[in-house]
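Please read it with the structure open alongside.

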Amino acid sequence: MQYPIPPNPFQYTADQLAAAAKRVRRNIILMNSTTGAGHTGADLSEADILVTLYFSVLRYDRALDHPFRDRFILSKGHGAGGFYCTLSEAALIPKELLSTYQAFDSSLQGHPVKQKIKAVEINTGALGHGFPVAVGLALAAKMNRRPGRIFVLLGDGELQEGSNWEAAMSASRFGLDNLMVVVDRNKLQLADRTEHIMGLEPLQAKFEAFGFRVYTADGNDITSLLQCLDTWEATRKDQPSVLLASTVKGKGVSFMEDNPAWHHRIPKGVEVEQALKELE
Amino acid sequence: MEVSVETYDLREAVDQALLECAEAGKAVAVVVADSTSTAALKGFSERFPERLINVGIAEQNMVGIAAGLSLGGFTVFTANAAPFLLSRSYEQVKNDLCYSHSNVKMLGLNAGVAYGPLGSTHHILDDISMLRGLGNLQIFAPSDAREAAELVRYVCSFDGPAYIRMDKGPYPLFHSPDYRFKVGKPDPIYRSAPSTPEVVFFSLGTILEEAYSAARILSEKGIITALYSLPSIRPLQHADLLEKIAGTRLIVTVEEHSVHGGLGALISGLIHEAGMSIPVFKVGFPEGIFVKAGPRAEIRDFYGLTGPRIVEVLEERWKEGEMNDRWNR
């Protein structure tokens with residue numbers, strides 16, 4: 001039998017998405033400060049991308065077992081906190097779990113684990129792993145003639161891992177127009193700015209040379225993201241695509257924004273109060 | 001049993017078994033890294049050309065894509081040279097396959113020193129040792145073509161990652177056509193007399209012919225020997241193995257692998273833990289070296305991995321009284 005493709009269960013408007021992103025950001029601050037764990041800067045950077053995907057773009061059933069559902073892989077596994085807060089907002093994990101983040105044997109480990117959470121497709125955390133797995137998933141969908149699309153979110157620093165470029169080469173060779181690679185391009189990595197450590201630019205030209213259709217967006221602007229992803233869906237053909245999403249690490253909290261120190265710093269005391277105030 | 005003089009390539013048997021599994025309706029896909037000819041999967045690739053995926057010379061990508069294909073519903077086999085599979089993409093094997101419990105079966109082709117003269121870049125002396133460090137993984141080493149085919153059928157029967165240590169070229173058949181692989185159990189190959197053996201051999205994979213030769217030479221010298229192959233490194237039923245060595249005076253382990261972390265280390269660890277005091281003579285490559293390159297038979301001979309050399313070294317040691325009192329008494 002032919003199943004219908006499940007729609008996105010929320011189908012939020014841009015305003016609803018912006019409000020959800022704010023709630024996700026507040027939860028990131030609360031969760032990280034309460035549990036004393038997390039990569040706060042990275043979590044805030046990706047929040048708008050994740051909310052746009054889970055509340056508008058991704059087509060999935062709430063049970064996450066529809067054969068035609070879209071799949072999402074968080075290759076930047078250290079962004080687990082932002083991911084968990086998004087999943088909790090979407091009721092894909094219970095809200096109560098957030099207070100157990102990084103506790104002993106918690107379902108919410110420091111990097112996502114599929115045996116603990118159904119929304120996790122593959123256990124990430126080591127960098128440069130999500131992209132090849134996404135290529136395999138997209139290839140399987142093609143081989144099985146299934147309509148589900150594959151989304152993978154990469155950190156930009158992660159692109160220094162060579163395995164990504166092996167995956168890029170093969171995505172193009174296999175003509176995976178069902179694959180959307182989103183790069184959280186906040187230009188910061190653990191030690192410093194990406195361009196100071198091991199420059200990635202010209203990133204657009206690199207992906208184009210690897211046979212990708214390249215989209216660019218303000219990755220902290222939901223309208224901009226939606227526009228790109230809508231165009232992609234309407235026109236995708238024969239080639240894989242990448243969305244270079246310009247983001248700001250620590251977005252939404254002034255003293256964290258674009259500050260390498262907040263890669264995995266945890267807000268405390270007045271910092272928490274100020275952050276929550278800015279996110280009202 | 002008497003060993004059949006018939007020889008058969010393990011890869012042909014694997015090809016046949018994969019073809020059977022796929023024809024029986026299993027969604028089998030094979031991923032290679034420019035290793036189509038190494039894998040020698042002629043039957044499968046002719047019948048299911050769209051299910052043989054070549055990712056080019058990119059082992060990390062091969063393993064990642066295999067994990068993705070398994071998430072998309074396929075039972076996936078990777079097929080390339082074991083040294084590149086494991087040395088190059090160990091982290092993908094660890095995270096994408098083992099930690100993530102992906103339904104991917106790795107065929108570690110041409111393991112050990114199968115690539116003899118090509119040198120240490122192409123040898124892998126530590127695949128078992130590396131993989132024993134990983135969770136969730138089942139680890140197997142067939143000793144002949146019939147066992148290789150059985151192992152393919154077996155790994156297709158469960159959901160999860162597995163490694164099969166493979167070899168190329170014709171090897172004698174130690175198993176009859178009706179042989180059925182028993183997971184976790186030592187596989188009895190030879191016994192020189194029905195009474196308790198004085199020397200028990202355990203062998204890993206295709207070097208079984210050398211272990212068999214050593215056991216035969218010793219038995220001709222009047223020593224009662226028994227020989228087991230150990231196709232199932234993990235899972236392994238410890239009690240079953242320990243039962244086989246009760247009352248014996250010496251254990252000889254034979255592997256084309258480093259003695260560090262391989263079959264010999266595994267068995268001597270089990271014996272020690274069980275509180276038994278039986279000496280274990282480990283035949284394999286010494287720890288901490290790269291082996292000399294050359295024709296495989298000469299490598300085996302140089303490092304004492306042939307039947308006659310195993311016996312020669314054993315006899316020297318007995319003469320020098322190096323084995324413990326129990327044996328020399």
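## Backbone features

A:Arg145 is exposed, because its relative accessible area is 74%, where exposed means over 50% relative accessible area, buried under 20% and partly exposed in between, computed with a 1.4 Å probe on protein chains only. The structure is a predicted model, in which local features need pLDDT of at least 70 and side-chain atom pairs count only at pLDDT 80 or more, while totals for chains, interfaces and linings use all residues. Residues are numbered from 1 along each chain as its sequence is written, chains are lettered from A and ligands numbered from 1 in the order in which they are written, and side-chain values use heavy atoms, with hydrogens and water left out.

The phi of A:Arg145 is near 50°, a positive value in a residue other than glycine, and this residue sits in the loop between H4 and strand E2 (150-155) of chain A. Helices (H or I, at least four residues) and strands (E, at least two) are DSSP runs, numbered from the N terminus. In chain B, B:Ala40 also has a positive phi, near 50°, and is found in the loop between helix H2 (36-39) and helix H3 (42-47) of that chain; B:Ala40 counts as partly exposed, because its relative accessibility is 29%.

| Cis peptide bond | Omega | Loop holding the proline |
|---|---|---|
| A:Glu201 to A:Pro202 | about 0° | between helix H6 (194-198) and helix H7 (203-209) of chain A |
| B:Arg234 to B:Pro235 | near 5° | between strand E12 (232-234) and helix H9 (238-244) of chain B |

## Helices of chain A

Helix H1 (residues 14-35) of chain A has 22 residues and reaches 31 Å from its first C-alpha to its last, close to the 32 Å expected at 1.5 Å a residue, the expected span being 1.5 Å times one less than the number of residues. The buried residues of H1(A) include A:Leu17, A:Val24, A:Ile28 and A:Ile29, and also A:Arg25, A:Asn27 and A:Asn32. The buried residues of this helix pack against helix H2 (40-57), helix H3 (80-89), helix H8 (222-235) and helix H9 (269-278) of chain A, where contact means heavy atoms within 4.5 Å. After H1(A) comes A:Gly36, with a positive phi near 70°.

A:Ser224 lies in helix H8 of chain A and counts as buried because its relative accessible area is 17%. Leaving aside residues up to four places away in sequence, A:Ser224 touches A:Ala217 and A:Asp218.

## Contact between the chains

The contact takes 26 residues from chain A and 25 residues from chain B. The area buried between chain A and chain B is about 2,000 Å², of which carbon and sulfur atoms give 57%; buried area is the accessible area (1.4 Å probe) that two parts lose on being put together, summed over both. In chain A, the residues that lose the most area to chain B are A:His129, A:Met143 and A:Glu166, together 28% of what that side buries.

The elements that give two or more residues to the side of chain A that touches chain B are helix H4 (130-143) and helix H5 (163-173) of chain A, and the largest share of that side, eight residues, comes from H4(A).
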